[in-house]
Amino acid sequence: MWLFLTAVLRQMDPALEEAASSSGASRWQVLRTVTAPLMRPGVAAVGIYFFITGLESLELPLALGPTAGIELLSTKIFFSLLPSADLGVNYGIPAAFGMLGLAMGVLGSLIYIRMVRQTSQFAVITGKGYRPRLIPLGRWRYVALGALGLFILVKVVLPFAILLYASFLRFYVPPVLEYAADMRWTLLHYTRLFDYRFFGSYFINTLIVAVEAATLTMLLVSFIGWLVVRRPSRLTDLINVVAFMPLAIPGVISTLALFLMFLGTPLYGTLILLTLAFLARYLAFGTRLMHSAMLQLHQELEEASQASGASNLQTFCRITLRLLTPAFLSGWLWVLVHAAKDFSVALLLASAGSVLVANIIYESFIGGHFNESAAMLVVLITFNLILVIAGRKFIGRSIAP
């Protein structure tokens, strides 16, 4: 949300705010009567977008919901797919809940698109040059710094610290001083991770699926972006709309649809189906990213390539795709990291032959082996962190002059 709303504020011409200030309005009055109304469409659009994102959330409700007696749409679908001892699985029940989620997602997306279109009525950027006004915080900068530090502490430091703490305990003991005598430290949970049959094979499966999903998704969305921008027509407009449609379908719903579609087929329970699920899930994001990148490329180099006798495919592979390298790598890294840490696709689609790290983490968690699952989560988080840092450095070198 912060990234979305920062973009809204950065595109806001401060002329109206300055006019209000020069008329005697205080900063609070300017914020309430000028800034907030101008941000209203953008805030509403972001709120609706994350409402749709919340519909597909499975990991958090699955970890905390059952013990608290709280069931959400995503967990209801998940538990409906688990076979019972007497009745097996009634696939009509999760399908019905899936249609409910689909309707909510489509309605939210329609409102989101409408809100985004309404932002043009609030446009304050003109042909005149402007620079967004920076407001000095004065003494409030310490409050802002403290709030930011508190957020990082609660969101990042404490969760990782408690996972790291639990991963070194033989049995979980709350990190309270009065239980210090009961703490038994061990490296057993990490040494087990070196067992290929226990963890290594599933980690390799996760890496294969994540790399395949990232590569196929970015290649596909790069081609779609090129078609939409360079070959505009009713057909490419339709392709652009279809590529954006997955945004309206919560991930757990689209994964359920793939589960029901391929149940009983040779693809069911394979790494290929998991890759297709991730491709469908991140298609909308990748399309928006590469469409924006394509709009920034002038077609002179492509025209020169075609004038030299190169085909459209050769031009796309040798010229366009190379110019899109920074955006391509950023999108590739984003999809890779998200696919590696995703739980919903793995829990709904994986079978005995396609188990991912998410599956064994969840099984270990519900089995009461919290310390073991904590060790696996520490490894997964560290792996993703290394990927992000190394990936950003590589991307920085690739775009350096």
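This is a predicted model: local features need pLDDT of at least 70, side-chain atom pairs count only at pLDDT 80 or more; totals for chains, interfaces and linings use all residues.
Residues are numbered from 1 along each chain as its sequence is written, and side-chain values use heavy atoms, with hydrogens and water left out.

**Exercise 1.** Work out which residues of helix 4 are buried and which are exposed.

Solution. 
- Helices are DSSP runs (H or I, at least four residues), numbered from the N terminus; helix 4 spans residues 59-68.
- Buried means under 20% relative accessible area, exposed over 50%, and partly exposed in between (1.4 Å probe, protein chains only).
- Pro-61, Leu-62 and Gly-65 are buried.
- These residues lie on the same side of helix 4 because they cover an arc of only 95° around the axis, taken from the directions from the helix axis to the C-beta atoms.
- Leu-60, Leu-64 and Thr-67, on the other side of helix 4, are exposed.
- The cover over the buried residues includes helix 5 (73-80), helix 16 (344-349) and helix 17 (357-366).

**Exercise 2.** Decide whether Asn-384 is buried or exposed, and find its contacts.

Solution. 
- Asn-384 belongs to helix 18 (residues 370-399).
- Its relative accessibility is 8%, so Asn-384 counts as buried.
- Contact means heavy atoms within 4.5 Å.
- With neighbours within four places in sequence left aside, Asn-384 is in contact with Val-337, Ala-340 and Lys-341.

How values were computed. Helices (H or I, at least four residues) and strands (E, at least two) are DSSP runs, numbered from the N terminus.
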